[in-house]
Amino acid sequence: YEGLVSFWIGRNEEDKDRIARGKNSCYVMQNMADTLSKWNFENKALLLRAEEQYCDGNLECAEKLYDDAVSSAKSHRFLNEE
């Protein structure tokens, strides 16, 4: 949850340090998806990437990544994360 909260606070308070923490969490989660378990971490990494793009103002890219995160959660049967 640290990444999501960091992005949210960073956006609402224009706090670059929080956004940097969110980006670091995004990197860590993507690494976990790539090296440990795509099944368990892919949708979470996609969600964090979507938040990162949203913070950077890339709304179309963010929207696609949000959709990809939901699709990944569905295909991996994480109903509570869809």
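**A charged side chain and its surroundings**

A: Lys38 counts as exposed, because its relative accessibility is 51%. In this scheme, exposed means over 50% relative accessible area, buried means under 20%, and partly exposed lies in between, with a 1.4 Å probe and protein chains only. The model is predicted, and so local features need pLDDT of at least 70 and side-chain atom pairs count only at pLDDT 80 or more, whereas totals for chains, interfaces and linings use all residues. Residues are numbered from 1 along each chain as its sequence is written, and side-chain values use heavy atoms, with hydrogens and water left out.

Lys38 has a charged partner. Its salt bridge is with Glu42, and the closest N and O atoms are 3.7 Å apart. The term salt bridge means that a side-chain nitrogen of Lys or Arg lies within 4 Å of a carboxyl oxygen of Asp or Glu. Side chains of opposite charge can pair when their charged atoms come close. Lys38 and Glu42 are separated by about one helical turn, because they are 4 residues apart in helix α3. A helix here is a DSSP run of H or I with at least four residues, a strand is a run of E with at least two, and both are numbered from the N terminus.

Met29 belongs to helix α2, and it counts as buried because its relative accessibility is 18%.

Which other residue has its place in helix α3? Trp39 does. With a relative accessibility of 39%, Trp39 is partly exposed. Trp39 and Ser6 are 33 residues apart in sequence, and their C-alpha atoms are 24 Å apart in space.

The pair in α3 can now be set beside other pairs. The whole structure holds 6 salt bridges. One of them joins the side chains of Lys23 and Asp56, at 3.3 Å from N to O. This pair links distant parts of the chain, since Lys23 is in helix α2 and Asp56 is in the loop between α3 and α4, 33 residues apart. Lys23 is partly exposed, with a relative accessible area of 30%; Asp56 also counts as partly exposed, at 39% relative accessibility. Another bridge connects Lys64 with Asp68, whose closest N and O atoms are 2.8 Å apart. Both residues lie in helix α4, 4 residues apart, or about one turn of the helix. Asp68 is partly exposed, its relative accessible area being 27%.

Helix α3 also contributes to a pocket. Where does the largest share of the lining of the largest pocket come from? It comes from α3, which supplies 4 residues. A pocket is found on a 1 Å grid over the protein atoms alone: a cavity is a set of points where a 1.4 Å probe fits but cannot get out, a pocket is an open set with protein on both sides within 12 Å along at least five of seven lines, and lining residues have an atom within 4 Å of a point. Helices α1, α2 (16-35), α3 (38-55) and α4 (59-75) each give at least two residues to this lining. In total, 15 residues line the largest pocket, and Tyr1, Leu4, Lys44, Leu47 and Glu81 lie nearest its centre.

Leu4 lies in helix α1 (residues 2-13), and it is partly exposed because its relative accessible area is 31%.
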